[in-house]
Amino acid sequence: PGRPAGSAGSGPLIVSVSAVDDWVLGVNKIQEEGILKVTIAVLGLVTIYIVMAMINAVVISAAARRAEFAILRLTGLSRTQVVGTALLESLTIVAVGVVVGGLAAGGTIVGASVAVSEVVGTRIVDSPWALFRGVTLGAAVIVSITSVLTALAATREPAVVVAGARE
């Protein structure tokens, strides 16, 4: 702080002096804050992409199954039962994805824990259970809403018309 070099002004020049350790800690804090902001922005973009991909996959799946839904209705299932079946299938896929993703993330957490324990000397495992629950619930809600809406749209026309139509 103080006046910029070469500036003319009245009064004494005020200079702040700090120890090297304090300066390094201050610079590190500023860098960490910048890195955190960039990381949050990137994760936000990735999250938006993942949500769009989940919605797109469910919509394409239901749209491609219009004839199958019509045949189910012709065999005696009500529209509600067909939509419920589509919802159950989608939630089953979410559950499988959560299990496989959880195993992959668990392997990463264990690997990082082993690496840190070799450096620090003690095992540190921090499982982000709240984040895991939030991601699981978010995926289930997004897929449920999308599945129900697309199945309703796919079963809107009379089953006889859809089943008899050529693709």
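In the protein chain of this predicted model, residues 24 or more positions apart account for 69% of the contacts with a separation of 6 or more, contact meaning heavy atoms within 4.5 Å. Buried residues, with under 20% relative accessible area (1.4 Å probe, protein chains only), make up 14% of the 167 residues. Residues are numbered from 1 along each chain as its sequence is written. Local features need pLDDT of at least 70 and side-chain atom pairs count only at pLDDT 80 or more, while totals for chains, interfaces and linings use all residues, and side-chain values use heavy atoms, with hydrogens and water left out.

The chain has 5 helices and 0 strands, helices being DSSP runs of H or I with at least four residues and strands runs of E with at least two. The radius of gyration, taken over C-alpha atoms, is 28 Å, well over the 15 Å that the globule rule gives for 167 residues, so the chain is more spread out than a compact globule; the rule is 2.2 Å times the number of residues to the power 0.38. Along the principal axes, the C-alpha atoms fill a box of roughly 90 × 50 × 25 Å.

The axes of helix α1 (residues 20–64) and helix α4 (residues 129–154), as lines fitted to C-alpha atoms over the stretch in contact, come within 9 Å and cross at roughly 30°, which makes α1 roughly parallel to α4, a term for angles under 35 degrees. The residues making this contact include V51, M54 and I55 of α1 and A139, I142 and V143 of α4, and the contact residues divide into 11 nonpolar, 3 polar and no charged, where Ala, Val, Leu, Ile, Met, Phe, Trp, Tyr, Cys and Pro count as nonpolar, Asp, Glu, Lys and Arg as charged, and the others, Gly among them, as polar.

Key: Axes fitted to C-alpha atoms, helices over the stretch in contact; angles between N-to-C directions. Parallel < 35°, antiparallel > 145°, perpendicular 65-115°, else oblique. Buried < 20%, exposed > 50% of the residue type's maximum accessible area, 1.4 Å probe, protein only.
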